[in-house]
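Student: I would like to go through this structure slowly and ask, for each term, how we know that it applies.

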Amino acid sequence: MFGYYFDLALRSLKRNPALTMLMVVAIGFGVAASMITYSVFRAVSGNPIPDKSAQLFTPQIDSWGPQQSFNGDGEPPQALDYTDAMALMRAHAAKRQTLIYPVQLSVLPGGDRSLPISASGFAVYGDFFPMFEVPFHYGSGWSTAQDDTRAPVVVLSREFSQKLFGDADGVGREVNLGGHDYRVVGVTRHWNPLPRFYALFGPSGFEQPADFYLPFTRALDLRIPTAGNNSCRGNQTKNGWEGWLRSNCVWINPWVELDTSGEVARYRNFLEGYSADQRRAGRFGWAPNVRLRDVTQWLAYMHVVPPESRISLLVSLGFFLICLVNTVGLLLAKFMRRAGEIGIRRALGASRREIYMQFLIEAGTVGVAGGLLGLVLTAAGVSGVGLLFRPEIARLAHVDLSLVALTLAVAIAATVIAAFYPSWRAAHVQPAWHLKTN
Amino acid sequence: MQIQPILAALRHHKAGTLLIALQIALTLAIVCNALFIIQQRLSHLSEPTGIEEANLFVIDNQWADQMSPQQTDAQIQSDLAALRQLPGVRDAVSSNSYPLRGGGWDDFITMTPDQVQKTTDATVYFGDAHFIDTLGLKLIAGRNFRADEVTPLRPQEHATSPVVIVTKALADKLYPNGSALGKPFYTMDTTPTTIIGIVARLQRSEVDNWSRPYAYQALIWPRRLDGSFGTYYIVRAKPGQLAAAMGEARKALYAQSRMRIIDPKDGVLSFAQVRHRAYDSDRGTAILMGIICAVLLVITGAGIVGLTSFWVGQRRKQIGIRRALGATRRDILRYFQTENLLIAGAGVAIGAILAVGLNLWMMRQLAMDRMPLLYVLAGIVVLLLLGQGAVFAPARRASRVSPVEATRSV
């Protein structure tokens, strides 16, 4: 029966090629616009670390006071100053903890005679690697003991290691970054969770993978300044490196790992207690104001998803909805035009169910054609998405199997749903009436 | 033209009527919001920077050597001397940033040293006496920096100086009565700075939503940045020699010293490229909204053509009877045109409410601005015209139905 109905559908669609084309084009454009903008949206709004996003938290401490809050909304600063960051590390109130800041250093990839290039990385603590589940190709991260001894060690990314050493195992070799030597202890596999949740106090959060990771303590000894944001309040009378460390300038991204809700509550209490202590000591002139957001909450709070991505997706979905309304109208016209034919089929014994089947299959056929057109348009659109979004965001959009499947599924499902009402009307045609008038 | 019979006829096509009205309503809601977004984004694109864009380019120069601040300072001076000697170059300056860079340095500004809440915010640029000539700024009051006022800025040092040049926008914000020249203000410091010069216009480093309230508020410190990172060289080419100067500049700098990093891809950017990058998401959004609007109007128009054609086909007999009873072709044409006007009228009435509702929702959720009602009015006119245009061909076909049709049985 399916084959027969499919054949009927093709005949019917061929009868009004212009109308059929219009439906297919509407579905194709509607689904393509939605899928192109969705491919960008899913890339920028995804969970960068799905299996641990509920265990990783970033503590915030209000070191500026309510009158100087970041956006005038009473929220604490989005990063820590040096004093508070160091206090958190010393207290060690979490299972694992790290401080993070971006650094940029020069490197001579082909020895002393080559032109220097710029490499970007992060100053982190040894806990960074197990906390964020960084996968290693060679070697491993460094130990907490090496944090304490301020060891000159470094972890390279796979891509950066290949640039320096080719495919050879670089572990144990020396690399000169920004004029200082480091011993390579590990080489990661490709690892670049996006949005880059762990260091959002800086560039947009959608950068290329980092080239290297070096110990936070070592970076401070070498006075490597942050390549990310630095934000201060009040009179900046303290000058020089030491003065900057003692100032209220915030520039450090702190992260802690807390496994149970009990640990989270305890850590929150610890932050409150720390702030209260600072108030008693006269450093803060206000009541404790702290936050402890997990990865998902942090991404939402930091508005990582660019507004244009949201607006585009929204407008595209509205566009798709209109295309569907359009299809409902056209299908209704198309089906009701065949009231006579339906009357005859019904009189000859076809059940309503069979009429339903016939017309839903016809609609499904339109959906398949629309989906295929949508697929072509989506592929073209995604490759041209650089015209519509910033380069670092546009490069995240790609066509994969799931997007292809989704495009087809959405096109067919939407068309079939759009056909429910017209098919219902067709199935309820009164056979007697139509037999009489014709 | 009588409306009563049209309404009576529409009652027999409830679903179709409703669908067209709904489609017109939704189209109106999307199209006027999209047009509003396009207009907003395009208005960003045409904002002037106040600088000599056509002949400017910037070099992102990072240091590869560990140099002392004194060495950095000396290197910058010799780099600038080399750049200024190039045949295609008119002038050059070293700074921490440049307009539309998309990020930079900004300071809170207060009128007293102990004021907790800021008066306003300004982008900070560093430069020597060449800054104004290189960027092509118009000095409208006061004077340029003297050589002895320009001092080096050490790493992690707070940038402030006894004298400063500000933009007119900043001067007017601090001293609204136009008396800013010679007056003091504070920038996160206990000692004041004095305004010695005012330039007509200079755009900020960044033009994102956050900085819109402070648009064109910028100040120039007479400082030379000796930080370990690097510096931006802003270079003004002689008229018509931009491309040549851009090529020469990179070579000249590497000839000075090899231990620097100028990215092969975007280390040297013409200001046209800078502007293109600064507004790429605005431009992209406008393009996307434009495409969606155009396709949407085409599909809605085609949908009306399709449905009306179907109705015409269905009513051939009735049309024949009316024609036989004396209705002119014009009457039939008018009939379908009026019918469409009624449906489209209902559609745009609902659509206007939807459009305003969508805008209000986007204002809350996506920090959009309020849409002027003019956009809704324009949208209504466009959709009514679209409806009339779309209905014309099927309606004319209807008007050509011969009265003979009345006598046919099928």
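Student: Which residues of helix 11 of chain B are the buried ones, and what makes a residue count as buried?

Tutor: Keeping in mind that this is a predicted model, a residue is called buried if 20 or more other C-beta atoms lie within 10 Å of its own. In helix 11 of chain B the buried residues are Y375(B), V376(B), G379(B), I380(B), L383(B), G387(B), A390(B), V391(B), P394(B), A395(B), A398(B) and S399(B).

Student: How do you know what span to expect for helix 11 of chain B?

Tutor: The expected span is 1.5 Å times one less than the number of residues. With 27 residues, 373–399, helix 11 of chain B is expected to span 39 Å, and the distance from its first C-alpha to its last is 38 Å, which is close to that value.

Student: Where does helix 11 of chain B bend?

Tutor: The bend, of about 40°, is at F392(B), and a proline, P394(B), follows within four residues.

Student: Why is S402(B) called partly exposed?

Tutor: S402(B), which is found in the segment after helix 11 of chain B, has 13 other C-beta atoms within 10 Å. A residue is exposed at 12 or fewer and buried at 20 or more, so the 13 of S402(B) make this residue partly exposed. The C-alpha atom of S402(B) is separated by 9.5 Å from that of R329(B), although the two residues are 73 apart along the chain.

Student: How many residues does each chain bring to the contact between chain A and chain B, and which helix of chain B supplies the largest share of its side?

Tutor: The contact takes 49 residues from chain B and 51 residues from chain A. On the side of chain B, helix 8 gives the largest share, 17 residues, and the residues of that side divide into 28 nonpolar, 16 polar and five charged.

Student: How does the radius of gyration of chain B compare with that of a compact globule of 410 residues?

Tutor: A compact globule of 410 residues would have a radius of gyration near 22 Å, whereas chain B has 32 Å. The C-alpha atoms of chain B fill a box of roughly 105 × 50 × 35 Å along the principal axes.

How values were computed. Residues numbered from 1 in each chain as written. Chains lettered and ligands numbered in written order. Predicted model: local features only at pLDDT ≥ 70, side-chain atom pairs only at ≥ 80, totals over all residues. Helix = DSSP H or I, 4+ residues; strand = E, 2+ residues; numbered from the N terminus. Bend = angle between axes of the 7 residues up to and from the residue. Contact = placed C-beta atoms within 7 Å. Nonpolar A, V, L, I, M, F, W, Y, C, P; charged D, E, K, R; others polar. Rg over C-alpha atoms; globule rule 2.2 N^0.38 Å.
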